[in-house]
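Here is a friendly note to read alongside the model. Take the points one at a time and find each place in the structure as you go.

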Amino acid sequence: MADYFKPRGTADILPDAALQWQYVEEMVQKVFATYHYREIRTPIFEHTEVFERGVGDTTDIVQKEMYTFLDRGDRSITLRPEGTAGVVRAFVEQKLYGGPLPAKLYYFGPMFRYETPQAGRTRQFHQYGVEVIGSDDPRVDAEVIELADHFLRAVGVTSTTLELNSVGCPVCRVAHKDALVAHLLPIKDELCEDCQSRIVRNPLRILDCKIDAHHPVVESSPMITDHLCDDCAAHFAAVRNYLDLLEVPYVVNKKLVRGLDYYTKTAFEFVEGSIGAQSTILAGGRYNGLVKSLGGPDVPGIGFAGGIERLLLALAANGVSHEVPDEVEVYVMALSNEAHAMSVNILRDLRVVGVVADADYTGRGLKAQMKTADRLNAKVAVLIGEDEVKSGQLAVRDLSTREQILVAQGDTVAKILNILQS
Ligand code: ATP
Ligand code: MG
C-alpha cells in the first residue's frame, strides 16, 4: 500500500503508454513541419495577468479554473491553462512581429485547469496547437483547419466531424448583442447563475453554456452568424470556399461560439462522437484582437489546440495502437564479478554503435537471465563466465539459430553486428 498518491486529475504515463505519446508527438512534429510550422516553447507558468488579459477575465478558465499562487517574491503566478496567451506574449516580447509574417508556430505540452475530473477531462492535461500570427487572409484559416484535419487523419482518427462558424468581430457583435440580450432578458431567471451575469458581460457565451445551451429560448436566439458585417461575411464565405476546394468536409454550426473572449471571425471544432461526453478533440479560431490587447501591434492571428488525452481516447476507439513491444537486440550475461568488468565495456561499445543492449543487474543465475533474454526477444546473447574471463574471449550466441561461437573481446561488436544484419 502506497503512502503517497498523485494529485486528483493527474495521471502517471507508464512506459507502454508513453510509446503512444511519443508516436503522437512525433506525428505532430512531422506533419506540422510539412506545413512549415516551427516549434515554440514558452514557460509553463506566466504572470497571472497574461491569462487574465489574454484568455479574458469573463471566461470559465480565468474565473474558476486557474492554478494561481503567490510565489516567494509575492508575484501572482499561474500555471498555464492554455497555450495561446503565452505564445502571443512571447511573440510581442521577443518582437517576432519584426520578422517574416505570418509567424507560423506550434507547441506541445502540459496545461493545467482546476476542473472536475472525468473521462477526457483532467487537471493536468496536454495540448498540441498552432498559432499563425500576422495575416488575416482566409487562406490561412483554411490552411490551419486543413492541417488539423490532415493531422487527425494521419494519426489514425478518421471519424471526426468538423464544425465551423463565424463569431464575427466587435462591429457585428454590437448589433447582435442588443438583439440577443432583448431575446434572453425575459427568461433571465430561468438561466443558471453564471449565465445571469453573462447577460450583461458576455451574452454570446450563454449560447455555449453547458447548462443553458439547450433551453428552448436560448436555442432560438438570434445567431451571430446571421448578423455578420460585410467584411466578416465575405471572410466566412472565402474560408468555406477554400475548404470546399481542399475537400475538407464541414458542417456550419451557428451555435458554435468559442469560450474565449478574444476569438473573432472563424471558429471551429473537431468532434469525435465515440469518446463520450467530452467529445471535442480539437478546437480553434481566429483572434484578431489578441496581439494588440497583449500590448503588441494590431496584427491578426488564428490557431487551434487539441487535447492529447482525448486524442488517445479517440485512437483507442478507432482501434489504432502504436505500442511496440519491450525488446532489446542483445542481452549480456555476466556470470561472475570478474565478468562484470568485461560486460560493462561490451554494453558501452554496443550502445555507441546504436545497438539496443541490456544486462542483468540483480545477480540472477544463468537460467533466469536466459528467460529474461527470451522475454525481451533478444536476437543475440553474450555469455561471460569464468572460462571467458580467463581466455579474454566471449561466447556470442545467435538466439534464433542457437549457434554459439567464441570471439575475442575486441571482435565482439563486429561479430554481433554481423548476426543482427543477417
Ligand atoms: P471543454 O468544453 O471540453 O471544457 P474547452 O473549450 O475548455 O473544452 P479549449 O480551451 O478549447 O477547451 O481546449 C482545446 C482542447 O483541449 C479541447 O478541445 C480538449 O481536447 C482539450 N482540453 C481542454 N480542457 C481539457 C481538460 N481539462 N482535460 C483534457 N483535455 C482538455
Ligand atoms: Mg473547459
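**Notes on the predicted model**

1. Start with the ligand site. Strand E10 gives 4 residues to the shell around ligand 1, the largest share. Strands here are DSSP runs of E with at least two residues, helices are runs of H or I with at least four, and both are numbered from the N terminus. Please keep in mind that this is a predicted model, in which local features need pLDDT of at least 70 and side-chain atom pairs count only at pLDDT 80 or more, while totals for chains, interfaces and linings use all residues. Residues are numbered from 1 along each chain as its sequence is written, chains are lettered from A and ligands numbered from 1 in the order in which they are written, and side-chain values use heavy atoms, with hydrogens and water left out.

2. Which residues are closest to ligand 1? They are Arg113, Glu115, Arg121, Thr122 and Arg258, out of 16 residues that surround the ligand; a residue counts as near if one of its heavy atoms lies within 4 Å. The shell consists of 5 nonpolar, 5 polar and 6 charged residues. In this grouping Ala, Val, Leu, Ile, Met, Phe, Trp, Tyr, Cys and Pro are nonpolar, Asp, Glu, Lys and Arg are charged, and the others, Gly among them, are polar.

3. Now look at individual atoms. A polar side-chain atom of Arg113 is 2.8 Å from an oxygen atom of ligand 1, and a side-chain N or O atom of Arg310 lies 3.1 Å from an oxygen atom of the ligand. Glu115 has a side-chain N or O atom 2.6 Å from a nitrogen atom of ligand 1. A polar contact with the ligand is a pair of N or O atoms within 3.5 Å. On its own, ligand 1 has 590 Å² of accessible area, and the protein covers 88% of that; such areas come from the Shrake-Rupley method with a 1.4 Å probe. Strand E6 (124–133), strand E10 (280–286) and strand E11 (301–307) are the elements that give two or more residues to the shell.

4. Next, find the open sheet of 8 strands, in the order E1-E5-E6-E11-E10-E9-E7-E8, with mixed pairing. Strand E7 (residues 160–166) and strand E9 (residues 264–272) are antiparallel and share 7 bridges, with Asn165 partnered by Ala267 in E9.

5. There is also an open sheet of 3 strands, ordered E2-E4-E3 and paired antiparallel. Strand E2 (45–47) and strand E3 (67–70) are at its edges with a single partner strand each, so each has one side without a neighbour in the sheet. E2 is joined by 3 bridges to strand E4 (residues 76–79), and Phe45 stands opposite Leu79 in E4.

6. Two loops deserve a look. The peptide bond joining Leu101 and Pro102 is cis, with omega about 0°, and Pro102 lies in the loop between helix H4 (84–93) and strand E5 (103–112). His36, although not a glycine, has a positive phi of about 65°; His36 sits in the loop between helix H1 (15–34) and E1.

Notes: Pairing = 2+ DSSP bridges. Polar contact = N/O pair within 3.5 Å; in protein donor to acceptor, adjacent residues only side chain to side chain.
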